[in-house]
Amino acid sequence: MNIVIIGAGYVGLVTGACLADVGNRVTCVDHDPAKLDALQRGQVPFYEPDLDAVIVRNVAAERLSFAASLEPAMRHADIAFIAVGTPATEDGSADLSHVLAASAELGRAVERDTVIVVKSTVPVGTCERVQRTIDAELRMRGVPWRATVASNPEFLKEGSAVDDFQRPDRIIVGTDDPQAQRLLAALYAPYNRNRDRLIVTDVRSAEFTKYASNVMLATRISLMNELARLAEKVGVDIEAVRHGTGADPRIGHHFLYAGVGYGGSCLPKDVRALARLAAEHDQSTPLLDSVQAINDAQKRLLSAKIREHLHGRLEGATVALWGLAFKPNTDDIREAPSLVLIDELLRAGATIRAYDPVAAERVRQAVPDARLQLCRNARAACEGADVLAVVTEWREFKSPDFRWLAQTLAQRAVFDGRNLYDPQYVEDCGLRYYGIGRGRRETALAPA
Ligand SMILES: NC(=O)c1ccc[n+]([C@@H]2O[C@H](COP(=O)([O-])OP(=O)(O)OC[C@H]3O[C@@H](n4cnc5c(N)ncnc54)[C@H](O)[C@@H]3O)[C@@H](O)[C@H]2O)c1
Ligand SMILES: O=c1ccn([C@@H]2O[C@H](COP(=O)(O)OP(=O)(O)O[C@H]3O[C@H](CO)[C@@H](O)[C@H](O)[C@H]3O)[C@@H](O)[C@H]2O)c(=O)[nH]1
């Protein structure tokens with residue numbers, strides 16, 4: 001099939017590359033000239049494992065190309081995807097300006113009957129607005145073409161985006177149009193080999209399913225974080241609780257980790273957007289409000305623990321920080337818990353020696369403060385530091401040399417924002433251990 005994708009961001013590029021990989025001809029269109037430049041040179045403008053290889057091989061095979069405008073690709077397009085951003089506006093609602101602008105551009109560029117697929121995460125009713133916008137342009141042009149708008153939300157996770165796309169848990173297609181259903185079923189067939197992944201529903205339910213999924217995930221995390229706070233107070237280890245509760249298949253082990261709060265480009269904005277949609281329909285959302293409040297507080301937890309360990313004296317202290325990306329295997333720092341910690345520490349007068357395998361450059365641009373020192377590796381970040389805080393669970397942070405850390409960190413403490421370490425072992429090595437919800441009795445610290 002001939003496919004056009006509007007938006008060469010995470011979702012647009014993964015969708016485009018993976019659909020090209022199974023034999024389609026794909027054109028990714030983006031307004032950002034720097035992005036297009038980089039892509040034409042085979043460079044992916046962000047870090048996402050495996051994506052560059054899929055892009056490079058499909059560009060070489062002339063199945064995947066990049067363009068600054070919709071024409072002439074729309075002349076042959078069977079399907080056009082809208083995969084532009086829907087960031088939060090000031091009041092938390094989804095900013096639909098990019099989606100609606102792309103819709104108007106599509107209306108001006110459609111040259112045959114085309115199925116238009118909204119892949120961006122959009123509130124209920126948006127696909128209908130997209131349909132009206134395109135139809136108005138078609139009417140104005142006086143052309144006979146029919147554009148059928150369908151919803152097809154994306155569920156990939158950053159850091160495993162290619163694998164998620166190629167081995168989906170579900171493919172949600174929202175449309176009542178039988179021809180669009182057939183076309184999308186055929187398009188996804190190579191990634192639906194057992195024919196058990198496709199869920200066809202109406203447009204509005206598809207739009208809603210995306211938000212429902214993300215708020216459910218966010219709720220799980222905030223609930224675990226609330227339990228972790230209590231666990232700490234009553235001498236319980238939340239990690240033992242996670243093992244125990246997750247063993248019930250109705251609960252499951254996935255996505256049950258207490259930590260420094262959820263970040264990223266989706267969960268925070270989607271919880272806000274759904275709450276906002278509810279407010280617009282005069283419905284209160286006490287649960288969603290709590291999910292957000294817990295998450296905001298959770299992002300400030302580590303700085304409070306560090307302050308307490310240093311007897312309130314953050315001014316002049318040096319904190320080593322491992323991990324800046326909002327999760328491992330990405331360089332995305334949108335709504336990353338590290339940014340909140342950095343902000344609180346800098347405001348309190350501390351110096352930070354930070355290390356992340358791939359996200360440092362983005363943080364350098366986002367936080368241009370000389371007291372945030374970006375280090376070349378994890379060890380270097382600890383040299384001259386008082387304490388260590390770990391906020392992203394990169395594999396390389398999983399088993400550090402704690403005895404070396406005990407000799408290096410002047411105030412001999414590790415703040416484990418992802419519960420990576422065995423508290424007893426860390427303390428046996430001569431470091432005070434602080435995790436998230438790792439309640440325990442105080443023991444005398446072993447000598448370093
Ligand atoms: N990032 C994820 O992991 C993820 C996963 C699932 C769903 N989503 C959703 O998918 C959508 C896209 O997210 P993303 O992270 O890929 O966004 P992004 O910000 O990385 O990329 C969006 C791209 O669209 C381009 N763009 C905007 N308007 C355009 C226009 N009119 N014509 C051409 N290009 C245009 C921008 O230049 C940018 O490159 C959002 O709604 C998001 O919520 C994201
Ligand atoms: O048990 C857990 C799991 C995750 N997180 C945090 O939650 C955030 C989000 O993680 P994750 O969901 O893995 O990353 P995203 O790439 O943001 O993916 C989410 O958002 C995407 C965009 O909508 C959806 O497509 C995905 O299905 C959904 O998981 C990160 O800060 C994680 O550290 C936890 O704190 N505890």
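Author: Two residues are in contact if their C-beta atoms, placed from the backbone, lie within 7 Å. This model is predicted: local features need pLDDT of at least 70, side-chain atom pairs count only at pLDDT 80 or more, and totals for chains, interfaces and linings use all residues. Residues are numbered from 1 along each chain as its sequence is written, while chains are lettered from A and ligands numbered from 1 in the order in which they are written.

Reader: Into which domains is the protein chain divided?

Author: Domain bounds come from an automatic or database domain assignment. Here the protein chain is split into domain 1 (2-196), domain 2 (211-297) and domain 3 (300-434). The side of domain 2 that touches domain 3 comprises 5 nonpolar, 5 polar and 1 charged residues. In these classes, Ala, Val, Leu, Ile, Met, Phe, Trp, Tyr, Cys and Pro count as nonpolar, Asp, Glu, Lys and Arg as charged, and the others, Gly among them, as polar.

Reader: How many residues of domain 2 and of domain 3 are in contact?

Author: In domain 2, 11 residues are in contact with 14 residues of domain 3. The C-alpha centres of domain 2 and domain 3 are 24 Å apart.

Reader: Which residues come nearest to ligand 1?

Author: They are Gly 7, Gly 9, Gly 85, Ser 120 and Thr 121, out of 27 residues around ligand 1. Helices (H or I, at least four residues) and strands (E, at least two) are DSSP runs, numbered from the N terminus. Helix H1 (10-21) and helix H4 (97-109) each give at least two residues to this shell, and the largest share, 4 residues, comes from H4.

Reader: Is Thr 318 buried or exposed?

Author: A residue is buried if 20 or more other C-beta atoms lie within 10 Å of its own, exposed if 12 or fewer, and partly exposed in between. Thr 318 counts as buried, because it has 21 C-beta neighbours inside 10 Å. Thr 318 belongs to strand E9 (residues 318-322). Leaving aside neighbours within four places in sequence, the contacts of Thr 318 include Ala 350, Arg 353 and Asp 386.

Reader: Which residues have a positive phi although they are not glycine?

Author: Most residues other than glycine have a negative phi, and most peptide bonds are trans. Asp 50 has a positive phi of about 75 degrees, and Asp 282 has one near 55 degrees. Asp 50 is placed in the loop between helix H2 (33-40) and helix H3 (51-60), and is partly exposed, with 14 other C-beta atoms within 10 Å. Asp 282 is in the loop between helix H10 (267-280) and helix H11 (286-299); with 6 other C-beta atoms within 10 Å, Asp 282 is exposed.

Reader: Where is a cis peptide bond found?

Author: A cis peptide bond joins Glu 71 to Pro 72, with omega about 5 degrees. Pro 72 sits in the loop between strand E3 (64-67) and strand E4 (79-82).

Conventions: Near = placed C-beta within 6 Å.
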